[in-house]
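Q: I would like to go through a protein structure step by step. Could you show it to me, please?

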Amino acid sequence: MSTGTAPSTAIIVGAGIGGLTAAVALRRIGWSVTVLERAPIIAEVGAGLTLWPNAIRALGVLGLAEAVEARAVPTVSRGNLRTPSGRWLRHNHPDDVGVLAVHRAELHDVLRRALPESALHTDAEVVSIAPDGKVMCRCAGEESELSADLVIAADGVNSVCRRTLWSGNPVFQGRSVWRGVTPSGSVWPVRECLTLGHGQQVGLLPLPDERVYWFVTLNADEPNKEYADEPGEVLRRVGGWHDPIPALIQATPPDHVLHNDIVDIDPLDTFVKDRVVLLGDSAHAMSPDLGQGACQAIEDAVVLAAALNSFTADDLPAALAQYDAERRARVQPMAAEARESVKRNSNPSRVAHLGLAIAARLIPPAAWRKATARWSDWNPPKL
Ligand SMILES: Cc1cc2nc3c(=O)[nH]c(=O)nc-3n(C[C@H](O)[C@H](O)[C@H](O)COP(=O)(O)OP(=O)(O)OC[C@H]3O[C@@H](n4cnc5c(N)ncnc54)[C@H](O)[C@@H]3O)c2cc1C
């Protein structure tokens with residue numbers, strides 16, 4: 001899609017996984033992109049992440065799957081299940097769906113390296129946006145107006161773009177999550193597992209360089225709660241769980257322990273307003289229980305580029321309508337299921353916990369695969 005000889009232009013708000021993937025995908029179809037990121041520098045971000053086969057295939061379309069694989073550990077998500085005392089409820093089976101465990105910062109780095117530095121602007125906060133593709137940006141303290149053929153709002157769950165042109169605030173799901181990555185070799189070796197407590201879960205995933213990504217998910221009465229000693233708070237809750245859970249938490253530098261509320265958003269009736277399109281968490285933030293949020297942002301980017309590539313410049317509305325229809329049909333049922341999973345996983349009753357434990361023991365591998373592969377059996381369009 002281009003107007004005569006000049007390439008079509010896009011402003012991308014946010015240099016998260018969604019925004020950067022969109023930038024790579026649009027450049028691949030010949031667009032000129034400007035990514036605006038409000039953070040002054042792109043420092044090491046977040047903890048770990050699992051990438052399901054759907055996202056790896058989408059990265060493959062962009063020529064990035066191998067680079068990500070080289071910086072990830074192939075593993076199985078939700079294959080090894082344990083109780084807090086360490087008893088095994090289930091072991092990985094060869095039929096289980098394989099995923100990649102990667103540090104977010106490394107996925108981010110692979111995406112950034114696929115872009116020219118000139119495309120990415122930090123300390124550039126979008127403060128307002130109009131449906132005609134004009135944005136007001138505070139860049140290094142100075143406000144300036146920018147415009148493009150298309151604005152891709154990839155500014156996350158608290159998206160200012162969504163709040164301005166749509167509505168919809170994040171919805172607190174009554175859960176909190178703590179996450180961390182251990183320093184290289186501090187606690188090693190560690191086997192991937194998910195430990196199921198009563199309404200509480202702990203996940204462990206080995207990362208490259210003998211690091212371990214851990215997360216602890218717990219019920220929470222109110223959002224935005226902070227603790228003076230976050231690792232101490234986690235240890236207070238799960239410090240008596242099986243090894244090496246306490247050691248992993250203790251080994252993580254306290255200022256690297258992240259604590260977030262689990263939030264999602266209600267489904268939107270469109271992802272498109274004139275020349276503005278939502279992508280990633282701004283469009284469909286979902287609870288992390290399916291491990292698909294970032295995977296869906298990656299899918300969004302490839303599907304958007306394919307839609308833009310299959311129409312002429314005059315047909316921008318048709319291209320965006322195609323993206324909107326395809327993506328909402330895929331991602332909104334998934335977000336609904338993720339919300340249901342939160343309810344199931346947060347139920348602290350003995351009966352609910354017993355139900356999970358029995359399911360883990362009795363569901364045959366083929367049925368387990370079918371259930372976990374439901375969202376990862378997806379193929380990207382060609383670019
Ligand atoms: C605990 C937890 C575990 C998870 N685990 C997984 C997993 O295993 N697998 C998976 O696929 N997903 C997982 N997710 C989901 C995943 O993290 C998100 O879906 C994904 O990061 C969304 O990417 P994004 O680019 O849409 O948004 P974000 O990563 O939020 O990026 C938005 C970017 O926009 C910038 N920004 C915001 N406002 C502005 C503005 N006004 N102007 C300019 N820039 C702005 C921000 O600084 C940020 O860089 C998990 C989420 C959580 C909370």
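A: One term is needed at the start: a polar contact is a pair of N or O atoms within 3.5 Å, and within protein one of them must be able to donate a hydrogen and the other to accept it. Please also keep in mind that this is a predicted model.

Q: Which side chain makes a polar contact with the side chain of Arg179?
A: The partner is Asn260, and the two side chains are 2.5 Å apart at this contact.

Q: And where does Arg179 sit?
A: Arg179 belongs to strand S15.

Q: Is Arg179 buried or exposed, and what is the nearest side chain of opposite charge?
A: Arg179 is buried, but it has no salt bridge. The nearest side chain of opposite charge is that of Asp281, 9.3 Å away.

Q: Let us turn to the ligand. Which residues come nearest to the ligand?
A: There are 29 residues around the ligand, and those that come nearest are Gly18, Glu37, Thr50, Arg104 and Asp281.

Q: Which backbone atoms lie by the oxygen atoms of the ligand?
A: A backbone N or O atom of Gly18 is 2.8 Å from a ligand oxygen. A polar backbone atom of Ala294 lies 2.9 Å from an oxygen atom of the ligand, and for a polar backbone atom of Cys295 the distance to a ligand oxygen is 3.0 Å.

Q: How much of the ligand does the protein cover?
A: On its own, the ligand has 1,000 Å² of accessible area, and the protein covers 85% of this.

Q: Which elements give two or more residues to that shell?
A: They are helix H1 (17-28), strand S5 (48-51), strand S11 (124-129), strand S15 (171-181) and helix H9 (293-309). By class, the shell consists of 12 nonpolar, 10 polar and 7 charged residues.

Q: What about phi at Ala140 and Asn224?
A: Both have a positive phi: the value is near 45 degrees for Ala140 and near 60 degrees for Asn224. Ala140 is found in the loop between strand S12 (134-139) and strand S13 (142-147). Asn224 lies in the loop between strand S18 (211-219) and H6.

Q: Why do Ala140 and Asn224 count as exposed?
A: The cut-off for exposed is over 50% relative accessible area. Ala140 counts as exposed because its relative accessibility is 58%, and Asn224 does because its value is 65%.

Q: Back to charges. How many salt bridges are found in the whole structure?
A: The search finds 19 salt bridges. One of them is between Asp109 and Arg71, whose closest N and O atoms are 2.8 Å apart.

Q: What does the pair of Asp109 and Arg71 tie together?
A: Asp109 lies in helix H4 (residues 104-113), and Arg71 lies in the loop between helix H3 (65-69) and strand S6 (72-76), so the pair ties together parts that are 38 residues apart in sequence.

Q: Which residue forms a salt bridge with Arg339?
A: Arg339 pairs with Asp266, again with the closest N and O atoms 2.8 Å apart. Because Arg339 is in helix H10 (residues 316-346) and Asp266 is in the loop between strand S19 (258-264) and strand S20 (272-273), this pair ties together parts 73 residues apart in sequence.

Q: And how far apart in helix H10 are Lys343 and Glu340?
A: Lys343 and Glu340 are 3 residues apart in helix H10, so about one helical turn separates them. They form a salt bridge with the closest N and O atoms 3.0 Å apart. Lys343 counts as exposed at 53% relative accessibility, whereas Glu340, at 41%, counts as partly exposed.

Q: Which residues are joined into one network?
A: Glu299, Asp300, Arg327 and Arg330 are joined by salt bridges that share partners.

Technical notes: Residues are numbered from 1 along each chain as its sequence is written. This is a predicted model: local features need pLDDT of at least 70, side-chain atom pairs count only at pLDDT 80 or more; totals for chains, interfaces and linings use all residues. Side-chain values use heavy atoms; hydrogens and water are left out. A residue is near a molecule or strand if one of its heavy atoms lies within 4 Å of it. Accessible areas come from the Shrake-Rupley method with a 1.4 Å probe; for residues, only the protein chains shown count as cover. Helices (H or I, at least four residues) and strands (E, at least two) are DSSP runs, numbered from the N terminus. Ala, Val, Leu, Ile, Met, Phe, Trp, Tyr, Cys and Pro count as nonpolar, Asp, Glu, Lys and Arg as charged, and the others, Gly among them, as polar. Buried means under 20% relative accessible area, exposed over 50%, partly exposed in between (1.4 Å probe, protein chains only). Lys and Arg count as positive and Asp and Glu as negative; His and the chain ends are not counted. A salt bridge is a side-chain nitrogen of Lys or Arg within 4 Å of a carboxyl oxygen of Asp or Glu.
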